[in-house]
Amino acid sequence: MLQEISRYWTSGAAGYNKVVQAQFRSRRTVERWKALLQEGLSEHKPQRILDAGTGPGFFSLLLAEMGHHLTAVDASPGMVDTAARNFKAAGLDIQVYEGDAAHLEREEDESYDAVVSRDVVWTLPDPAGAYNEWFRVLGPGGRLLLFDGNYLYQKQRGLRYLLRRAMAWMLILLTERRISTRASHDERALERLPFVQAARPEADIEALEQAGFTIDIVRTDYFPGYKQSLQYWKYGYQTDVRFMIVARKA
């Protein structure tokens with residue numbers, strides 16, 4: 001199943017990179033993300049951070065600008081290539097490699113101060129395994145910053161939702177020059193994933209606590225003022241299912 005998901009993300013690498021580049025063009029968005037990351041990390045000193053499921057490298061780029069030392073991993077070769085190009089273009093020396101976020105064979109125990117993850121866990125075939133693995137690579141007091149969502153859980157089928165999504169994709173086409181590429185067979189594959197079938201963040205909290213984490217922050221509305229932005233009109237139809245969790249290794 002991991003290979004199937006990897007192919008899905010590789011095919012969407014170019015489109016997802018356009019999303020990231022659009023966010024970087026918004027100073028307000030960049031500063032808000034940096035504030036959320038700083039809140040989760042708590043300490044201001046440079047930290048060793050693993051970006052699990054880096055995608056085009058959005059978190060790695062932000063955190064490197066904030067003075068931290070990054071290693072990035074992604075199961076999709078297309079995403080790894082895209083992230084590597086973005087790191088090079090930014091003049092940043094960030095190691096990025098292809099690997100399974102739930103089986104970090106190259107990473108030693110207690111080798112990181114923090115693990116960050118954005119919109120990754122919902123696509124993992126083994127999310128509980130990933131949480132156990134992230135706990136392993138964190139040092140004592142290390143933090144996990146998780147941003148994710150219930151993107152396909154109990155999907156809305158009403159006319160209002162469908163019209164909202166159609167309008168959103170028209171705006172995305174106009175502002176990002178990209179179209180929706182998720183085919184029906186891709187969506188069927190995603191629907192088989194364990195955390196697409198579970199109520200979240202409740203399922204995450206349970207799995208994190210079983211892995212040994214202490215939960216410090218759980219938040220759904222983590223982007224104040226978002227509804228007044230263009231990003232909201234493009235992606236706001238997903239807002240109600242997004243959440244942020246900060247968990248700590250005691």
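## Strands and sheet

Trainee: What pLDDT must side-chain atom pairs have to count?

Mentor: Residues are numbered from 1 along each chain as its sequence is written, and side-chain values use heavy atoms, with hydrogens and water left out. This is a predicted model: totals for chains, interfaces and linings use all residues, local features need pLDDT of at least 70, and side-chain atom pairs count only at pLDDT 80 or more.

Trainee: Which strands are the edges of the sheet?

Mentor: Take the order of this open sheet of seven strands: E3-E2-E1-E4-E5-E7-E6, with mixed pairing. An edge strand pairs on one side only. That describes E3 (95-98) and E6 (213-219).

Trainee: What is the average twist from one strand to the next?

Mentor: Angles run from 0 to 180 degrees between N-to-C directions, and axes are lines fitted to C-alpha atoms, for helices over the stretch in contact. From one strand to the next, the twist averages 15°.

Trainee: Which residue of E5 is the bridge partner of Val-115?

Mentor: E4 and E5 (residues 138-149) run parallel, joined by six bridges. Along this pair, Tyr-112 has Leu-138 in E5 as its bridge partner. For Val-115, the E5 partner is Leu-144.

Trainee: Why does E5 count as largely enclosed by the rest of the structure?

Mentor: Buried means under 20% relative accessible area, exposed over 50%, partly exposed in between (1.4 Å probe, protein chains only). E2 (residues 69-74) is largely enclosed because five of its six residues are buried. E5 is largely enclosed because its buried residues number ten of twelve.

Trainee: What angle does H9 make with E6?

Mentor: H6 lies across E1, E4, E5, E6 and E7 (242-249), running at about 145° to E5. H9 also packs on the sheet, touching E5, E6 and E7. Its direction makes an angle with that of E6 of about 155°.

Trainee: Is H6 parallel or oblique to H9?

Mentor: Angles under 35 degrees count as roughly parallel, over 145 as roughly antiparallel, 65 to 115 as roughly perpendicular and the rest as oblique. The axes of H6 (residues 127-137) and H9 (residues 202-211) come within 9 Å and cross at roughly 45°. So H6 is, relative to H9, oblique.

Trainee: How many nonpolar residues are in the contact of H6 with H9?

Mentor: Contact means heavy atoms within 4.5 Å. Tyr-131, Asn-132 and Phe-135 of H6 meet Asp-204, Ala-207, Leu-208 and Ala-211 of H9. Ala, Val, Leu, Ile, Met, Phe, Trp, Tyr, Cys and Pro count as nonpolar, Asp, Glu, Lys and Arg as charged, and the others, Gly among them, as polar. One residue is polar, one is charged, and the nonpolar count is five.

Trainee: How many residues of H4 are buried?

Mentor: Phe-58, Phe-59, Ser-60, Leu-61, Leu-62, Leu-63 and Ala-64 are buried in H4. H4 (residues 58-65) is therefore largely enclosed by the rest of the structure, with a buried count, out of eight, of seven.

Trainee: Is H3 roughly parallel or roughly perpendicular to H4?

Mentor: H3 (residues 27-41) and H4 have axes 10 Å apart and pack at an angle of about 75°. So H3 is, to H4, roughly perpendicular.

Trainee: How far apart are the C-alpha atoms of Leu-37 and Phe-59?

Mentor: Leu-37 sits in H3 and counts as buried because its relative accessibility is 0%. Beyond neighbours within four places in sequence, its contacts include Phe-59, Val-116 and Phe-147. Leu-37 and Phe-59 are 22 residues apart in sequence, and their C-alpha separation is 8.7 Å.

## A buried loop residue

Trainee: What separates the C-alpha atoms of Leu-124 and Leu-193?

Mentor: Leu-124 lies in the loop between E4 (112-118) and H6. Leu-124 counts as buried because its relative accessibility is 7%. Leaving aside neighbours within four places in sequence, Leu-124 is in contact with Ala-130, Leu-193 and Pro-194. Leu-124 and Leu-193 are 69 residues apart along the chain, with a C-alpha separation of 6.9 Å.

Definitions and conventions: Helices (H or I, at least four residues) and strands (E, at least two) are DSSP runs, numbered from the N terminus. Two strands pair if DSSP finds at least two bridges between them.
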